[in-house]
Structure formats: structure tokens, C-alpha cells
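Visitor: Could you walk me through this model and tell me where its labels come from?
Guide: Gladly, let us look together.

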Amino acid sequence: DEFTETPFDNVTQVRIRIFKWSKPNWRVRINEVMFGTYLNFSNDSINRADSSVAVSPTMEELPTCQFSFSFSNYDKAFDPQLQRGYAKYLTRKQLLKAQWGFETTYGNVEWMEPWPLYLSGWSIPADSPEVTLTAQSRLGFMDTEYIKGVYDGQKHNMYDLTIHILENSNILRETNPEIPWEVAQTLKNFYTRAPMPISATNTLLQLIANATGHTLDTNLRNGYIRIKEPVNFTEYSVGVVQQLGDPSFEIQDRLKSVKVGLHSYSPSNETSEVFKTELVLTGPTEITCYFNSGSIVRNPSANAENASIQVGATYARAMILKVTPTDPDQIVTITIMGEVIEESVTMLELYKDPEVSRGMEVEVDNELITEVETASYLADYLVRYYKRRNHMNITYLGYPELKAGDRIDIPTNYGEDRGDIVSAKLTFNGGFNGTLKVISAREG
């Protein structure tokens with residue numbers, strides 16, 4: 001990409017005039033205009049760069065994608081005390097592209113595609129000779145609350161629910177319109193009757209992946225959020241030559257049993273108070289009312305004393321009201337009545353090894369699991385995963401193209417193996433080195 005930097009002061013209009021075009025009758029179109037300063041850091045100024053990407057195969061934890069780099073600040077251009085220093089341009093969620101490369105021969109560098117990440121923080125001590133910037137993927141910023149879950153007692157496929165959550169999220173977009181996600185079509189094979197809980201959008205995506213035996217992560221090639229089937233087969237190998245010392249091994253406990261919670265919902269058919277509050281309003285106000293204890297409520301109705309109300313939207317666990325007080329000096333009392341949907345859970349033991357008296361007992365209680373087929377599929381996936389007891393930690397030369405979720409070959413002094421990367425850490429400080437956490441693909 002080519003960038004032209006021109007300083008402007010007290011400018012209200014910029015006019016671009018094309019006098020001659022290389023192709024006759026073509027029209028010019030502006031693709032992007034960036035206000036601020038474009039900065040490019042290279043080996044000449046970067047002292048150190050670190051990336052850390054981790055994915056839980058069982059989706060018990062949110063995946064992480066962190067990047068940081070430190071560069072020289074001897075000219076004090078980033079000194080925060082400067083009125084016109086670069087520090088004033090830094091804001092969270094700015095696009096930051098990290099590009100790794102290998103010098104194949106002297107002066108010739110083979111570059112990877114840049115990783116689109118977003119600025120999350122910085123450390124710029126006054127008069128410091130070094131500045132550190134940190135960034136993360138889109139997923140880390142998807143922390144706005146999703147309240148739009150609905151309950152109708154019917155089955156809904158997980159794919160449609162995932163798309164609805166993403167479309168109503170605060171996901172970062174570089175262009176409009178942009179669809180910065182990749183969702184596996186296999187989610188259409190899984191159903192739930194449960195309304196989505198009120199939670200951060202990234203947590204809900206994790207919940208869907210956990211219930212269906214899928215993986216939530218970030219596609220580092222384009223920065224898109226991704227829900228996919230767990231294994232990404234590759235042709236990469238981290239052999240003895242690339243390893244810095246022998247891998248360390250951890251053998252997990254034998255799997256004894258797997259239990260999965262099956263959730264069910266039934267209406268109470270009785271109306272009760274699900275929300276009440278008193279407040280003083282100075283004028284028309286939009287209020288989000290969360291039902292008591294996160295209850296799922298059917299047919300809610302709202303009433304107000306000393307105010308008129310208009311229902312903005314009704315969801316399974318919340319209601320949005322537009323409230324206009326009749327007198328700004330009076331206390332407004334808002335009450336919501338409705339039928340509470342009773343929720344229950346039955347723990348199904350879907351696997352038990354009679355030969356293991358003491359071992360790992362796995363329990364999954366995910367409120368989106370309402371169908372026996374989903375519970376059975378997840379139990380089979382967990383059995384296959386937890387029978388892979390051999391976990392390896394490998395220190396090696398460091399390859400940026402290896403990512404969490406990749407399956408690689410691992411020739412060692414102890415024999416041949418294959419495994420899935422669940423954590424990949426990479427450091428650059430003039431050269432590459434890295435650490436991989438790998439779970440063997442073999443059972444036993």
C-alpha cells in the first residue's frame with residue numbers, strides 16, 4: 001500500500017484533482033482516507049515483538065490473541081509531554097498490522113500476510129528510550145452486553161443464533177459494509193430451545209462453540225472471528241532440528257466418566273412480579289429492565305405510577321421501556337408482571353469406563369444444550385479429546401505461520417507423533433524463538 005502524508009493546519013476542505021490518468025476513460029475512486037499519522041516500524045526500530053495465541057479445544061475458556069512490540073524512542077517522538085508528539089494519536093481499537101518475514105538470502109525477505117489486530121494499550125514513560133504497544137484481535141473487544149434472547153419453546157439452529165448475535169454486536173469493521181466473521185455451516189445441525197443468557201457477545205459465542213464441539217478463534221490472515229470444526233490439518237512439522245531441546249511431556253489422568261447437562265423449560269402458567277423499581281426522572285427516558293434473577297419471562301406487562309410508558313422491545317430476560325414522567329418531582333414506580341419459565345437440568349452420564357476406578361470425571365453444564373442429540377454428540381467429542389492424554393511443551397526456533405488450532409507432525413527422539421497446537425507463543429528479538437503447547441492426536 002502507498003501512503004502520502006501531508007500536514008494540514010486549519011483546513012476545512014480538501015480537493016483532489018486528477019489531471020491525467022494512465023488508462024483512458026477510467027474514473028478514479030477514493031478507497032480510503034485516513035486522518036492522523038501512518039506509522040511503519042521495522043527491524044531498525046523494533047527491539048522486541050511477542051505474540052501469544054491460545055485456544056481451548058473444549059471451549060472452557062475464551063480464546064486469546066495478544067501481540068506486543070517495543071521500539072526505540074531515542075528521538076522522544078512518543079514523549080507524552082510533547083504537544084505535537086505521536087502519543088496524542090494513540091487510541092484503543094486502532095488498526096495495527098503485524099507482518100512477520102524471513103530473510104531467505106541476504107537482502108531478500110519472504111513476507112507473510114500481515115495480521116490485522118487492534119490497539120489495546122501502550123506504555124510510554126516520560127523520557128523513556130523505549131515505547132511498548134499492545135494489541136489484540138477483534139474478539140477481545142466484543143464485550144458489549146447482548147440481551148436479545150427470545151423464548152418461544154421452539155427449536156432454533158445454532159447457526160442462525162450465531163449470525164444474529166454477530167449482527168447485533170459491537171464487532172469492529174474496517175469498511176461498511178463488512179462481514180468480519182466466518183461461521184461453519186455445520187452449526188445448522190445443532191438446535192436449542194434455550195433463550196440466550198444476558199452476557200457479553202464473545203462469551204455467548206464461546207457458549208455456542210462449547211455446546212457444539214466447535215472452536216471459536218480468530219483467523220489471523222484476515223482478522224475475522226471464526227467458529228469452525230476443531231482440527232485444521234497442516235503439512236507443517238516441528239522436528240528435532242527445529243526443537244531447542246527435548247519436549248517436556250505431561251500425562252493426564254485417565255478418563256473415568258463424562259456427564260452432560262440437558263436443560264428443559266416449562267411455563268409456570270402463573271403471573272408474578274418479575275421487576276419493580278422506583279426512580280425520579282426529569283424527562284422522557286429509555287430504561288432497560290432486567291427480570292429478577294435472570295428469569296425467563298413469558299407475556300410480560302409493564303405498569304407505571306406517575307408516568308406513561310411505551311414498550312420499546314420485549315426479550316426473554318429483559319424489557320426496554322420508554323418512560324415519560326407526569327411530574328418531574330414525583331417518584332415513578334415501574335412494575336412488570338409476567339409468567340416465569342421454569343428451568344431444570346438433568347445430568348446425563350453418557351460415558352463411563354468400568355475399568356477406571358479413580359480418574360477424570362468431566363461434567364459440562366451448558367444452558368444451550370436442550371436436545372439429546374446435541375448432548376450425545378458433545379459427549380462423544382469430549383471422550384475422544386480427553387483420551388488424548390499426552391500433552392507436550394515444545395521450545396523451538398519459532399515459525400509465525402504456526403497457529404493455535406493447527407495439527408502438526410512432531411518427530412522427536414522418542415518417536416513420531418502428531419498433535420494439535422493449543423497455545424503458540426512467538427518472540428522476535430533479532431531472531432525468532434517460540435513455545436508450543438501441543439496435545440497428541442493419539443489416544444492413550
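Guide: Val-183 has a relative accessibility of 15% and counts as buried. Before we go on, this is a predicted model, where local features need pLDDT of at least 70, side-chain atom pairs count only at pLDDT 80 or more, and totals for chains, interfaces and linings use all residues. Residues are numbered from 1 along each chain as its sequence is written, and side-chain values use heavy atoms, with hydrogens and water left out.

Visitor: What makes Val-183 buried?
Guide: Buried means under 20% relative accessible area, exposed means over 50%, and partly exposed lies in between, using a 1.4 Å probe and protein chains only. Val-183 is at 15%, so the label is buried. Val-183 sits in strand E10 (residues 181-183). Setting aside residues up to four places away in sequence, Val-183 touches Tyr-159, Thr-162, Ile-163, Leu-166 and Ile-227, where contact means heavy atoms within 4.5 Å.

Visitor: Why is Ser-42 called partly exposed?
Guide: The relative accessibility of Ser-42 is 33%, and the in-between class runs between the 20% and 50% cut-offs. Ser-42 therefore counts as partly exposed. Ser-42 lies in the segment before strand E1 (46-54).

Visitor: How do you know whether Asn-299 is buried or exposed?
Guide: Its relative accessible area is 54%, so Asn-299 is exposed. Asn-299 belongs to strand E19 (residues 296-305), and its phi is near 55°, a positive value in a residue other than glycine.

Visitor: What counts as a helix or a strand here?
Guide: Both are DSSP runs numbered from the N terminus: helices are H or I with at least four residues, strands are E with at least two. The chain has 3 helices and 27 strands.

Visitor: Why are H1 and H2 called roughly antiparallel?
Guide: Helix H1 (residues 158-167) packs against helix H2 (residues 201-212) at an angle of about 165°, with axes 10 Å apart. Axes are lines fitted to C-alpha atoms, for helices over the stretch in contact, and angles run from 0 to 180 degrees between N-to-C directions. Angles under 35 degrees count as roughly parallel, over 145 as roughly antiparallel, 65 to 115 as roughly perpendicular and the rest as oblique. H1 and H2 are therefore roughly antiparallel. In their contact, Met-158, Thr-162, Ile-165 and Leu-166 of H1 meet residues of H2 including Leu-204, Leu-205 and Ile-208.

Visitor: What makes a set of residues a nonpolar core?
Guide: The members are buried Ala, Val, Leu, Ile, Met, Phe, Trp, Tyr and Cys residues joined through side-chain atoms within 4.5 Å. The largest such core has 72 residues, and Leu-205 and Val-258 have the most contacts inside it. Helix H3 (residues 372-386) gives the largest share, 8 residues. A second, separate core of 16 residues includes Leu-281, Phe-291, Ala-307 and Val-340.

Visitor: Which residues does Val-258 touch?
Guide: Leaving out residues up to four places away in sequence, its partners include Leu-348, Leu-350, Tyr-351, Ala-379 and Leu-382.
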